Protein chains: 2
Amino acid sequence: MDHDLDLHAEGPALTAALVDIPSVSGEEGPLADAVERALRRLPHLRVTRHGHTLVARTELGRPQRVVLAGHLDTVPHAANFPSQWDEERVRLTGVGTSDMKAGVAVQLRLAATVGAPNRDVTYVFYECEEVDVARNGLFLLSRDAPELLSADFAVLLEPSGGVVEGGCQGTLRAAITASGARAHTARSWMGKNAIHAAAAILDILRAWEPRKPVIDGLEYHEGLNAVAISGGVAGNVVPDECVVTVNYRFAPDRSGEQAQAYIRDLFAAWPVEILDCAPGAKPGLTAGPAAAFAKAVGGAPRAKLGWTDVARFAELGIPAVNYGPGIPEIAHTAGEYVEAAPIVAAERALTAWLTA
Amino acid sequence: MDHDLDLHAEGPALTAALVDIPSVSGEEGPLADAVERALRRLPHLRVTRHGHTLVARTELGRPQRVVLAGHLDTVPHAANFPSQWDEERVRLTGVGTSDMKAGVAVQLRLAATVGAPNRDVTYVFYECEEVDVARNGLFLLSRDAPELLSADFAVLLEPSGGVVEGGCQGTLRAAITASGARAHTARSWMGKNAIHAAAAILDILRAWEPRKPVIDGLEYHEGLNAVAISGGVAGNVVPDECVVTVNYRFAPDRSGEQAQAYIRDLFAAWPVEILDCAPGAKPGLTAGPAAAFAKAVGGAPRAKLGWTDVARFAELGIPAVNYGPGIPEIAHTAGEYVEAAPIVAAERALTAWLTA
């Protein structure tokens with residue numbers, strides 16, 4: 001079925017229309033088609049497509065260029081599709097409302113209504129942000145056509161509660177293995193129980209106190225959690241191995257290497273295998289285009305706790321911030337919603353910034 | 001591939017041949033086929049098959065009948081397959097050597113060489129002893145064809161170090177569930193980590209002290225172990241559930257009901273689900289055919305710590321003991337082995353008892 005998006009609808013209505021085109025990661029095709037058709041009707045934009053990722057650029061020869069980026073995909077539905085308005089049309093509930101169809105709606109409204117921005121704008125709508133980094137549309141674009149992303153500054157319209165969220169925390173996962181020796185459970189004292197031994201790993205996790213460093217004036221908040229545990233051979237065997245997988249969310253004053261070293265040191269008594277590691281990004285709100293942007297849109301900036309593609313822009317050497325109308329605290333929950341007013345407010349603030 | 005067993009080979013060589021036919025629980029088919037072919041070549045036995053369980057009976061009209069029983073399956077391989085002799089052919093290493101291909105070899109040798117025993121003999125070779133009781137071949141036989149098991153006495157050739165082991169301990173498995181609340185790991189303090197919470201379950205296991213009651217003169221030794229642990233939703237989610245499966249080995253002075261109550265009480269802070277429970281059997285070596293058998297084969301009887309199907313015979317009202325050439329202490333270990341001499345000795349002792 002072909003969907004038609006009306007970019008002249010108000011942001012909240014456009015958000016609902018975007019939510020109602022299913023687009024779980026890997027299945028963004030129909031939504032990407034609809035966005036592409038809408039963008040190609042706008043004569044001031046040059047549109048290119050890469051998989052289910054769309055890039056639309058103004059080419060006005062402005063001295064500065066900014067990227068406005070957002071992802072098209074959502075996490076799997078949880079009995080929260082399609083979207084539903086409450087009676088007063090104040091709150092829209094549904095999968096992806098906050099994360100991040102509301103932000104995508106703001107991007108599309110700006111693309112349609114700001115024909116002659118004061119900076120050249122590159123709109124990026126990308127696929128597969130919610131899954132494996134190897135499928136991430138922004139990653140694929142940065143690898144295959146990095147020139148399309150070149151810019152002086154980038155805004156990621158991830159949910160940030162309508163305020164600027166600076167930088168982002170890094171994330172790594174590590175597997176920590178407790179070992180033992182197998183034995184028949186009828187004579188368990190002949191062996192060494194690896195699951196019992198893993199309690200010492202959990203003790204470290206239970207006793208761990210999070211760092212909350214302040215970086216460029218923003219307070220981060222780390223986290224260290226077991227996200228999986230597995231062990232066991234058979235119902236009558238003392239197990240010889242138990243693996244605890246931990247997820248460390250680290251503030252951006254630590255590099256990926258430092259975070260890995262920290263985890264290896266914390267669990268020095270066991271073999272530690274780093275499964276993946278994505279460093280964070282410092283907020284960079286003290287100077288340059290990020291500081292100017294924060295001043296222009298107003299509000300008190302805060303730290304971004306989740307990992308976002310801001311870190312990817314940081315790797316490309318492009319200052320970037322998170323700024324979007326969604327509510328980050330309820331992303332990925334079954335009760336995810338967004339409010340109408342912040343969608344309109346974000347569009348207004350960004351329009352003012354692009355036309356001042 | 002069809003395997004051919006030579007029952008005229010010595011017990012140790014036959015043991016190696018039996019080990020080298022893979023027969024992890026559920027995959028006993030090829031071994032059962034080989035045993036069946038070998039048994040059907042013996043004209044003095046009436047052979048019937050039930051799944052992968054074989055029953056071979058003499059029908060000589062003797063006033064007494066004894067069952068000689070052993071299981072065909074092994075625990076999963078642990079880089080200990082196929083079998084290996086040491087240089088002097090004294091020690092055979094490999095999965096199932098002690099538990100209990102050596103005992104099965106003795107059964108098969110007796111079946112082939114003792115054509116006119118002084119008691120009628122029922123040889124039972126059964127499947128799935130190492131797993132779920134519902135799949136246990138002896139259990140299935142006792143349910144579907146109990147007349148095939150009727151006897152005055154039973155010897156289970158489980159590994160007992162070449163001495164009579166009396167009774168057996170009971171065994172139960174229970175699942176204990178720690179709960180929590182999901183959250184995104186970037187804001188883990190919004191949730192409650194169930195894996196971290198499960199550490200308190202492991203603490204109880206680590207602190208537990210085993211009972212060692214003396215019953216009919218034999219000392220038992222209890223055990224309580226985590227045999228499995230699992231928890232985790234996704235790499236970026238604080239998990240809301242962690243399940244610890246424990247195995248309690250209890251002395252035969254506790255009934256199954258008492259053992260269950262003990263575990264529910266010990267882990268009263270969590271939901272406890274009893275997965276299975278097989279009560280033990282008291283030694284009963286103070287009188288009757290068990291006492292006579294112990295006297296005939298010699299040695300100092302000791303307590304059987306593992307659960308064995310002796311308990312099933314006890315339920316059927318048939319006195320039974322464990323007596324086999326394997327070494328119970330190393331059953332289910334990666335280094336499991338058996339020695340050649342006790343295999344020959346057990347065959348000799350049982351032959352003497354059956355032909356005296």
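**Figure 1. A278(A) and the residues around it.** Leaving aside residues up to four places away in sequence, A278(A) touches G170(A), T171(A), F250(A) and W307(A). This is a predicted model, as are the views that follow. A278(A) itself belongs to strand β16 of chain A, residues 272-278. Look for Q169(A) here too: its C-alpha is 9.0 Å from that of A278(A), although 109 residues separate the two in sequence.

Figure 2. How many of the 7 residues of β6(A) are buried? The count is 7 of the 7 for this strand (residues 120-126), so the rest of the structure largely encloses it. D120(A), T122(A), V124(A) and Y126(A) point one way from β6(A), while V121(A), Y123(A) and F125(A) point the other way, and all are buried.

Now for the pairing partners. Strand β2 of chain A (residues 53-57) pairs with β6(A) in the antiparallel sense, over 4 bridges. Strand β3 of chain A (residues 65-71) runs parallel to β6(A), and 7 bridges join them. Here R65(A) has D120(A) as its bridge partner in β6(A).

Figure 3. The 3 strands come in the order β4-β5-β19 (chain B), and their pairing is antiparallel. Which strands sit at the edges? They are β4(B) (84-85) and β19(B) (337-339), each of which pairs on one side only. Between β4(B) and β5(B), the latter covering residues 91-93, there are 2 bridges in the antiparallel sense. Q84(B) is a handy landmark, standing opposite T93(B) of β5(B).

The helices come next. Helix α3 of chain B (residues 97-113) lies across β5(B) and β19(B), running at about 45° to β19(B). Helix α10 of chain B (residues 340-355) lies across β4(B) and β19(B), this time at about 60° to β19(B).

**Figure 4. Where chain A meets chain B.** The contact takes in 48 residues of chain A and 50 residues of chain B. Together the two chains bury about 4,000 Å², with 58% of it on carbon and sulfur atoms. Three residues stand out on the chain A side: R187(A), H196(A) and I229(A) supply 16% of the area that chain A buries against chain B, more than any other three residues.

There are polar features to pick out as well. Across the interface, 17 residue pairs are in polar contact, counting pairs with both residues at pLDDT 80 or more. Salt bridges between the two chains number 3. One to zoom in on joins the side chains of D203(B) and R206(A), at 3.0 Å from N to O. On the side of chain A that touches chain B, the elements giving two or more residues are β10 (183-184), α5 (194-207), β13 (223-231), β14 (237-238) and β15 (241-250) of chain A. Of these, β13(A) provides the largest share, 9 residues.

**Figure 5. Salt bridges within the chains.** The structure holds 38 salt bridges over all chains, and a few deserve a close-up. In chain A, R109(A) meets E347(A), with their closest N and O atoms 3.2 Å apart. This pair links distant parts of the chain: R109(A) is in helix α3 (residues 97-113) and E347(A) is in helix α9 (residues 340-355), 238 residues apart.

In chain B, D120(B) and R65(B) form a salt bridge in which the closest N and O atoms lie 4.0 Å apart.

Another chain B pair is D309(B) and R312(B), whose closest N and O atoms are 2.8 Å apart in a salt bridge. D309(B) has 0% relative accessibility, so it counts as buried. R312(B) is buried too, with a relative accessible area of 8%.

Back in chain A, D33(A), E36(A), R40(A) and R49(A) are linked in a network of salt bridges.

Definitions and conventions
Residues are numbered from 1 along each chain as its sequence is written. Chains are lettered from A and ligands numbered from 1 in the order in which they are written. This is a predicted model: local features need pLDDT of at least 70, side-chain atom pairs count only at pLDDT 80 or more; totals for chains, interfaces and linings use all residues. Side-chain values use heavy atoms; hydrogens and water are left out. Two strands pair if DSSP finds at least two bridges between them. Contact means heavy atoms within 4.5 Å. Axes are lines fitted to C-alpha atoms, for helices over the stretch in contact, and angles run from 0 to 180 degrees between N-to-C directions. Buried means under 20% relative accessible area, exposed over 50%, partly exposed in between (1.4 Å probe, protein chains only). Buried area is the accessible area (1.4 Å probe) that two parts lose on being put together, summed over both. A polar contact is a pair of N or O atoms within 3.5 Å; within protein, one must be able to donate a hydrogen and the other to accept it, and residues adjacent in sequence count only if both atoms are side-chain atoms.
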